[in-house]
Amino acid sequence: MKKICKNFVGLICLLIAAFLCSCTFGPEDEETLLLPDNGLRFRAFPNDMAKNDSISANLAHGITMIVHPQASYELSFDIDPTISKAPTLQLFKTFPTPDRPGYYSLVKLNNVKASVDSGRYVYRFSCEGNSKALWAATLEQNDTYYLGSTKNVRLTGEGSYSDHMSLNLVVVGDVESYLTFSVDELASDLLAAFRKNYKTITIDTIHVRYANEHPTLGHKFPLSEPWIAGWSSDDILVSELGGWPGIENALDMVFVHSIIDEGVLGYANLFSGNMGSGDGSTVVLGALVNSPLGLNVLNKSEIIETAIHETGHFFGLRHTTSTRGDMKAWGDYSVIEDGFTDTPYCEKLLASGLLKSQSEYDVVDWKMPRIRTASKVDLKSCEDVSNIMFPTDAELENAGFSEQQLATLRASLMLYPH
């Protein structure tokens, strides 16, 4: 498995930190500098409610965190009653090293002191930079790494952006000749379904664009040829089509002929945080799905439900029940469900070993699929089967999102610059 971070290169440059990110913190003391020393294998995302034992176990020696500009954050964990003093949170900004892929340089940002709230240590900080960033954190106490427990770690974020968004359906290559409905009909029903399901945010409108008409990339996407994501391009999300000129801040849903991976109906990056251009800026949807017996054409409802499901991942919703594929992708077998108290999970499905048959998820880009599977588990017996974030297409009526999922969707949208 690829490692997110293998090593650290370069010196800590305190003098240039102010030029790299304009940030505000709590009180600062002169403390011993403790660089992460554990390889930074685990990453915390804002408003992720999943119980992540690996984050808790590694916080003192180093984790990474995704942070967004113009947002305030709280990192918290349960107080260890056996240790009387709170540790100091040390924050670093990470920078990829251009000539050494997978390696990072670090710049020390600041130290943050804890406050106490309901039996938890709480560390508050904010960043007023202009782009999403990857920060690292360690815990220091008495000039060494904190030795106490750090159970139930939570990273929460509150953003300042709008709770409105628009959709952009990008048709790539020959899709319509395989459909029993028009793209315009799909777009109209897609808009209605998003407005029905995404109740805590406002969907302003939906645009329809054709990749062959892109002002700079159109020549790459001829309308006469089917586009198979993962075969026609190394980038399975076709993210170069994200940030469509003139509607850069819409959510771009790339609609292709099919996805090369068997049984996969759609993909999105979990906790994408990118409503613009570049990596992770798109959700990909297939009009057909690969199966052991060949290609099957999806109906309109299946495509729409996949769009709603994958967009949930884009805004930070995990599967209600983790699959073995999810765990293998994250390299973390401690995350078995999404952490919401109003979404049950299915122990039978978890124990079934459900895993993608042809490929594994990308452990760097955190791509999450909606899959069709011939699982031996009786899916109808799963309490979470009707939730839109159930990991497989169970071919049952969709009951939408829970209240806690809806709250997270809105919080994430307001964190993401758009």
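1. Basis of the note. This is a predicted model, in which local features need pLDDT of at least 70 and side-chain atom pairs count only at pLDDT 80 or more, while totals for chains, interfaces and linings use all residues. Residues are numbered from 1 along each chain as its sequence is written, and side-chain values use heavy atoms, with hydrogens and water left out.

2. Overall make-up. The chain holds seven helices and 19 strands, where helices (H or I, at least four residues) and strands (E, at least two) are DSSP runs numbered from the N terminus. Of its 418 residues, 57% count as buried; buried stands for under 20% relative accessible area, exposed for over 50%, and partly exposed for what lies in between, with a 1.4 Å probe and protein chains only. Among contacts (heavy atoms within 4.5 Å) with a separation of 6 or more, 77% are between residues 24 or more positions apart. The accessible surface comes to about 17,700 Å², and carbon and sulfur atoms contribute 50% of that area, as computed by the Shrake-Rupley method with a 1.4 Å probe.

3. Helix α3. This helix covers residues 183-197, and its 15 residues should span 21 Å at 1.5 Å a residue, which agrees with the 21 Å between its end C-alpha atoms; the expected span is 1.5 Å times one less than the number of residues. Which residues of α3 are buried? They are V183, L186, A187, L190, L191, A193, F194 and N197. An α-helix has 3.6 residues a turn, so residues three or four places apart point the same way. The buried residues of α3 pack against strands β12 (164-171), β13 (202-210) and β15 (251-259), and also against helices α4 (300-314) and α7 (403-415).

4. Salt bridges. The structure has seven salt bridges, a salt bridge being a side-chain nitrogen of Lys or Arg within 4 Å of a carboxyl oxygen of Asp or Glu. One of them joins D48 to R318, with the closest N and O atoms 2.7 Å apart. This pair links distant parts of the chain, since D48 is in the loop between β2 and α2 (53-58) and R318 is in the loop between α4 and α5 (324-330), 270 residues apart. D48 is buried at 11% relative accessibility, and R318 is buried at 8%.

5. D189 pairs with K300, the closest N and O atoms being 2.8 Å apart, and the pair links helix α3 to helix α4 across 111 residues. Are these two residues buried or partly exposed? D189 is partly exposed at 31% relative accessibility, and K300 is partly exposed at 24%. R370 forms a salt bridge with E305, where the closest N and O atoms are 3.3 Å apart. R370 lies in strand β19 (residues 367-371) and E305 in helix α4, so this pair ties together parts that are 65 residues apart in sequence. R370 counts as buried, at 5% relative accessibility.

6. The disulfide. A search of the whole structure finds one disulfide, by the criterion of a pair of cysteine sulfur atoms within 2.5 Å. The cysteines are C346 and C382, with sulfur atoms 2.1 Å apart, and the link is left-handed, with -55° about the S-S bond. C346 lies in the loop between α5 and α6 (347-351) and C382 in the loop between β19 and α7, so the pair ties together parts that are 36 residues apart in sequence. C346 is buried at 4% relative accessibility, as is C382 at 3%.

7. Aromatic pairs. The structure has twelve aromatic pairs; rings of Phe, Tyr and Trp (its six-membered ring) pair if their centres lie within 6.5 Å, and planes under 30 degrees apart count as stacked, over 60 as edge-to-face and the rest as tilted. F45 and F271 form a stacked pair, at 4.3 Å centre to centre with 10° between the planes. F45 lies in the loop between β2 and α2 and F271 in the loop between β16 and β17, so the pair ties together parts that are 226 residues apart in sequence. Both F45 and F271 are buried. The rings of F221 and W227 have centres 4.8 Å apart and planes at 50°, so that pair is tilted. One aromatic cluster is formed by F77, Y121, Y123 and Y146.

8. Backbone points to check. F271 also has a positive phi, near 55°, in a residue other than glycine. L40 likewise has a positive phi, near 50°, and is found in the loop between β1 (23-24) and β2 (43-44). L40 is buried, with a relative accessible area of 1%.
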